[in-house]
Amino acid sequence: MKNEISQILKLVEVGNLEKALQEAKNLYGINQNNLDVVKVLVYTYIQFGNFEKVILLLDKHFRLRKDKQDFDYHNNIGYALAQTEEFERAIPHLEQAVSISPNNPIPYTNLAGVYQKIMDFEKAQAVIYQALNIIESYGSDTFNKFSNTF
């Protein structure tokens, strides 16, 4: 399973998105209950900008879970909701992602983008400064370190 997921991520990395999506769909077809498979399919849909599909998949697989501390769920659904302009729904998910992984700059930048869209520039600036402080503490390779999560 890990090999198949790694292969899909490599396909995304080299820009072969069509093949990555097909492989992710195939893997999901035979492993629908595996959350890592769900996450890689979601990640692939994000690359295509299919945010409605992202929201549907994440809702289907995470809504009834008792464990609400899944970073990928909160960050990805928050990002997808923001992309579909459901900003007020996105904010609590992105705040939860920040809470779960406070040293990861990605949810901060996503949250800052939402605040910017709703014209709360003070909050956007405060959050982006938090992201910049994290990036500064990790060095210039920070986004590469964190962006390979799904």
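Before I start on the helix pairs, I note what handedness will mean here: a crossing is left-handed if the near helix is turned anticlockwise from the far one by less than a right angle, and right-handed if clockwise.

**Entry 1: the kind of model.** I am working with a predicted model, and I keep that in mind for everything below.

**Entry 2: H7 and H8.** I took this pair to begin with, and the crossing of H7 with H8 is left-handed. I find the two axes coming within 8 Å and crossing at roughly 165°. Angles over 145 degrees count as roughly antiparallel, so H7 is roughly antiparallel to H8. From H7, the contact uses Pro105, Tyr108, Thr109, Leu111, Ala112, Tyr115 and Gln116. From H8, I listed Phe121, Lys123, Ala124, Val127, Ile128, Gln130, Ala131, Ile134 and Ile135. Sorted by class, the residues of this contact are 12 nonpolar, 3 polar and 1 charged.

**Entry 3: the loop between H7 and H8.** Which residues did I check there? I looked at Met119 and Asp120, both placed in that loop. Met119 has a positive phi of about 65°, although it is not a glycine. Is Met119 buried or exposed? Exposed means over 50% relative accessible area, and Met119 has 63%, so it counts as exposed. Asp120 has 24% relative accessibility and counts as partly exposed.

**Entry 4: H3 and H4.** What angle do H3 and H4 make? They pack at about 165°, with their axes 8 Å apart. That angle makes H3 roughly antiparallel to H4. I noted a left-handed crossing for H3 and H4. On the H3 side I find Leu35, Val38, Lys39, Leu41, Val42, Tyr45 and Ile46. They meet Phe51, Lys53, Val54, Leu57, Leu58, His61 and Phe62 in H4. The class count for H3 with H4 is 11 nonpolar, 1 polar and 2 charged.

**Entry 5: a closer look at Val54.** I left aside its neighbours within four places in sequence and asked what Val54 is in contact with. The list is Val42, Tyr45, Ile46, Asn76 and Ala80.

**Entry 6: the loop between H2 and H3.** Asn34 is found in this loop. With a relative accessible area of 24%, Asn34 is partly exposed. How far apart in space are Asn34 and His61? I get 9.4 Å from C-alpha to C-alpha, for two residues that are 27 apart in sequence.

**Entry 7: H5 and H7.** Here the axes come within 10 Å and cross at roughly 25°. Angles under 35 degrees count as roughly parallel, so H5 is roughly parallel to H7. The crossing of H5 and H7 is left-handed. H5 brings Phe71, Asn75, Tyr79 and Ala82 to the contact, and H7 brings Ile106, Pro107, Asn110 and Val114. The contact of H5 with H7 has 6 nonpolar residues, 2 polar ones and no charged ones.

**Entry 8: Glu85.** I find Glu85 in the loop between H5 and H6. Its relative accessible area is 60%, so Glu85 is exposed. Glu85 has a positive phi of about 65° although it is not a glycine. The C-alpha atoms of Glu85 and Val114 are separated by 8.7 Å, and the two residues are 29 apart along the chain.

**Entry 9: the core.** I kept a general point in mind here: in soluble globular proteins, nonpolar side chains tend to be buried together. How many residues are in the largest nonpolar core? There are 42, and those with the most contacts inside it are Leu41, Val42, Val54, Leu58 and Val114. The elements giving two or more residues to this core are H1 (2-13), H2 (17-30), H3 (35-48), H4 (51-62), H5 (71-83), H6 (87-100), H7 (105-117) and H8 (121-138). Which helix gives the largest share? I found H3 in that place, with 8 residues.

Conventions. Residues numbered from 1 in each chain as written. Predicted model: local features only at pLDDT ≥ 70, side-chain atom pairs only at ≥ 80, totals over all residues. Heavy atoms only, no water. Core = buried A, V, L, I, M, F, W, Y, C linked by side-chain atoms within 4.5 Å. Buried < 20%, exposed > 50% of the residue type's maximum accessible area, 1.4 Å probe, protein only. Helix = DSSP H or I, 4+ residues; strand = E, 2+ residues; numbered from the N terminus. Contact = heavy atoms within 4.5 Å. Axes fitted to C-alpha atoms, helices over the stretch in contact; angles between N-to-C directions. Parallel < 35°, antiparallel > 145°, perpendicular 65-115°, else oblique. Nonpolar A, V, L, I, M, F, W, Y, C, P; charged D, E, K, R; others polar.
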